[in-house]
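Please view the sequence and the model first, then read the points below.

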Amino acid sequence: MPNLTNAKKALKQSKKKAITNLAVKNTYKKAVKVARKAVDTDEKDLGETLRLAQKKLDKAAKKGVIKKNTAARKLSRLMKKVNLSGAASAKKKIVAKK
């Protein structure tokens, strides 16, 4: 336990920031998870869930919870998964028409 008043204040601030950062981290993780699930199940509102995931990732990077490149990497991998699944579903439609 800190003895000095400035150390006590710093401890209180770090605890408060940790709670805030954890909340932001949980929201972007949940948004990415929902988007991945939407990609796997080919949901209709895929665009909306992707936009929400991008928004949450960008906000977490802006607040400093994660680094900017980490957010970009996670978004890139998510979009890559979307594009690959989109190509697969397009191929299925072509095969079904023949």
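By about how much of a helix are arginine 51 and glutamate 48 separated in helix H2? They are separated by about one helical turn, because they lie three residues apart in helix H2. The model is a predicted one, in which local features need pLDDT of at least 70 and side-chain atom pairs count only at pLDDT 80 or more, while totals for chains, interfaces and linings use all residues. Residues are numbered from 1 along each chain as its sequence is written, and side-chain values use heavy atoms, with hydrogens and water left out.

**Overall architecture**

- The chain contains three helices and zero strands, where helices (H or I, at least four residues) and strands (E, at least two) are DSSP runs numbered from the N terminus.
- Read from the N terminus, the order of elements is α-α-α.
- Among the 98 residues of the chain, 19% count as buried; buried means under 20% relative accessible area, exposed over 50%, and partly exposed in between (1.4 Å probe, protein chains only).
- Of the contacts (heavy atoms within 4.5 Å) with a separation of 6 or more, 53% join residues 24 or more positions apart.

**The largest nonpolar core**

- A nonpolar core is a set of buried Ala, Val, Leu, Ile, Met, Phe, Trp, Tyr and Cys residues joined through side-chain atoms within 4.5 Å.
- The largest such core has 17 residues, and Tyr28, Leu46, Leu50, Ala53, Leu57 and Ile66 touch the most other members.
- Two or more residues each come from helix H1 (5–41), helix H2 (46–63) and helix H3 (68–97), with H1 giving the most, seven residues.
- Leucine 57 touches Tyr28, Val32, Ile66, Ala71, Lys74 and Leu75, when residues up to four places away in sequence are not counted.
- In soluble globular proteins, nonpolar side chains tend to be buried together.

**Helix H2**

- H2 has 18 residues and spans 26 Å from its first C-alpha to its last, close to the 26 Å expected at 1.5 Å a residue; the expected span is 1.5 Å times one less than the number of residues.
- Leu46, Thr49, Leu50, Ala53, Leu57 and Ala60 are the buried residues of H2.
- Glycine 64 follows H2 and has a positive phi, near 85°.

**Salt bridges**

- The structure holds two salt bridges, each defined by a side-chain nitrogen of Lys or Arg within 4 Å of a carboxyl oxygen of Asp or Glu.
- Lysine 81 and aspartate 40 form one of them, at 3.5 Å from N to O.
- This pair links distant parts of the chain, with lysine 81 in helix H3 and aspartate 40 in helix H1, 41 residues apart.
- Aspartate 40 counts as exposed at 55% relative accessibility, whereas lysine 81 is partly exposed at 32%.
- Arginine 51 forms a salt bridge with glutamate 48, with the closest N and O atoms 2.8 Å apart.
- Arginine 51 is partly exposed at 45% relative accessibility, and glutamate 48 is partly exposed with a relative accessible area of 45%.
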